[in-house]
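Welcome! Keep the structure open as you read.

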Amino acid sequence: MKSLEELCRTAAQAKYEVQKLCAEEKNRALEAVAEALIANQETILKENAMDIRNGQEKGMHSGLLDRLRLSEDRIKAMAQGLLQIAALPDPVGEVLERFERPNGLVIEKRRVPLGVIGIIYESRPNVTADAFGLCFKSGNAVILKGGSDAIHSNRAIAEVIRKALAGSGADREAIQLIETTDRSATREFMRMKEYVDVLIPRGGAGLIRSVVENSTIPVIETGTGNCHIYVDEYADLTRAVPIILNAKTQRIGVCNACESLVIHEAVREAFLPELAKALKEKNVEIRGDEAACEVIDCQPAMREDYGKEYLDYMISIKTVQSLEEAIAHINRYNTGHSDAILSENEENICRFLNEVDSACAYANASTRFTDGFEFGFGAEIGISTQKLHARGPMGLKELTSYKYVIRGNGQVRQ
């Protein structure tokens, strides 16, 4: 097994080989990888079953087990994601601006790869394929450090990718997997600034905080998801229950699941009993404020409930007297990820979409759509909740930088 420094150095060399590939060569490689994932799904599922068993023996939470579990459908979705990435326009080389100076210099601003992208992530083995595909299509090499919970799955997927790359004529070293599960390797990885251009953490609040605080490599922060849905006094209540159920229960262990509800007091008595019945049928525990507890049977909410990413069958409810109060509550407790308003009042919708401070603001739709595949990006490297360089689902363009290319005919500066 290579040392961590050797692995990072290999990736730093491979990035130049990836950057030489034209769009057609990258697309052929991605198509080969997609085909190889389907062809090797039995092996991948066998390795994933080992991770699932280990997780169950350790008492892993059901939401985390859901993130960890692969199936034929999920492997097919991974392959489809790679094919969708292959079908997207290649961002590398795009001319963003072109202008000529009075002295005759012609200046172009061109999109270029970031270089070597390091990704530290937890539990979700599909990230191994998604991250590779996006990094590769955008001309980057990638170094992956998954969690120990998914080591067998990640190893199997990475090996399938490397073999498919070699078979398609691309450099297999474009993807590197740090296989050691020693936590000290993660800390060491965060300091490989000589070889790694950008580091992206994907996981819980603890992981993200650790990377942001300890990395010497520039970090793109992908945040946790305390996502809100606000039911306005002008909401179509017949549509509200299905939207909330989808956002909360379609998958509980994901960052775009709804964790917090804000309800206008004008619809409290008409709406909450129906909603509570539907949520309890899905085994969702409700933690409500005093006004909610007056009309439904639920647990009293503590202040910390309003800022919590449960990743569980739990949800908080806050009742408000106005749109202004709803927006203020959401901006105080959200994580800048995804928040939604359910309303038929266009003025209220516009105010919410403009004033709520989140990467993705929705009107009359589930927050579960905050996803690279759903946005048409093929997949995403993560959901950025910061405001520099990238925000929201990060696709191909967010994995590039730019440089200026200047052409002259003998000019010298006076």
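## A serine in helix 7

Ser153 is found in helix 7; helices (DSSP runs of H or I, at least four residues) and strands (runs of E, at least two) are numbered from the N terminus. Ser153 has a relative accessible area of 0% and is buried. Here buried means under 20% relative accessible area, exposed means over 50%, and partly exposed lies in between (1.4 Å probe, protein chains only).

Leaving aside residues up to four places away in sequence, Ser153 touches Glu47, Asn48, Asp51 and Pro125. Contact means heavy atoms within 4.5 Å.

## How to read this model

This is a predicted model, where local features need pLDDT of at least 70 and side-chain atom pairs count only at pLDDT 80 or more, while totals for chains, interfaces and linings use all residues. Residues are numbered from 1 along each chain as its sequence is written, and side-chain values use heavy atoms, with hydrogens and water left out.

## The nonpolar cores

A nonpolar core is a set of buried Ala, Val, Leu, Ile, Met, Phe, Trp, Tyr and Cys residues joined through side-chain atoms within 4.5 Å. Which residues touch the most other members of the largest core? Among its 48 residues, they are Leu37, Ile119, Phe132, Phe136, Leu165, Ile200 and Ile381. Elements that each supply at least two residues of this core include helix 2 (23–39), helix 5, strand 3 (116–121) and helix 7 (151–168).

Look at Ile119: not counting residues up to four places away in sequence, its contacts include Phe189, Leu199, Ile200 and Ile381. There is also a second, separate core of 30 residues, which includes Ile229, Ala247, Ala278 and Leu342.

## Aromatic pairs

Rings of Phe, Tyr and Trp (its six-membered ring) pair if their centres lie within 6.5 Å; planes under 30 degrees apart count as stacked, over 60 as edge-to-face and the rest as tilted. By this rule there are four aromatic pairs. In one of them, the ring centres of Tyr230 and Phe352 are 6.5 Å apart and the planes are at 15°, so the pair is stacked. Tyr230 lies in strand 7 (residues 227–231) and Phe352 in helix 14 (residues 346–355), so the pair ties together parts that are 122 residues apart in sequence. Both Tyr230 and Phe352 are buried.

Tyr402 and Tyr404 form an edge-to-face pair, with 5.9 Å from centre to centre and 85° between the planes. Tyr402 is partly exposed at 42% relative accessibility, and Tyr404 is partly exposed at 44%.
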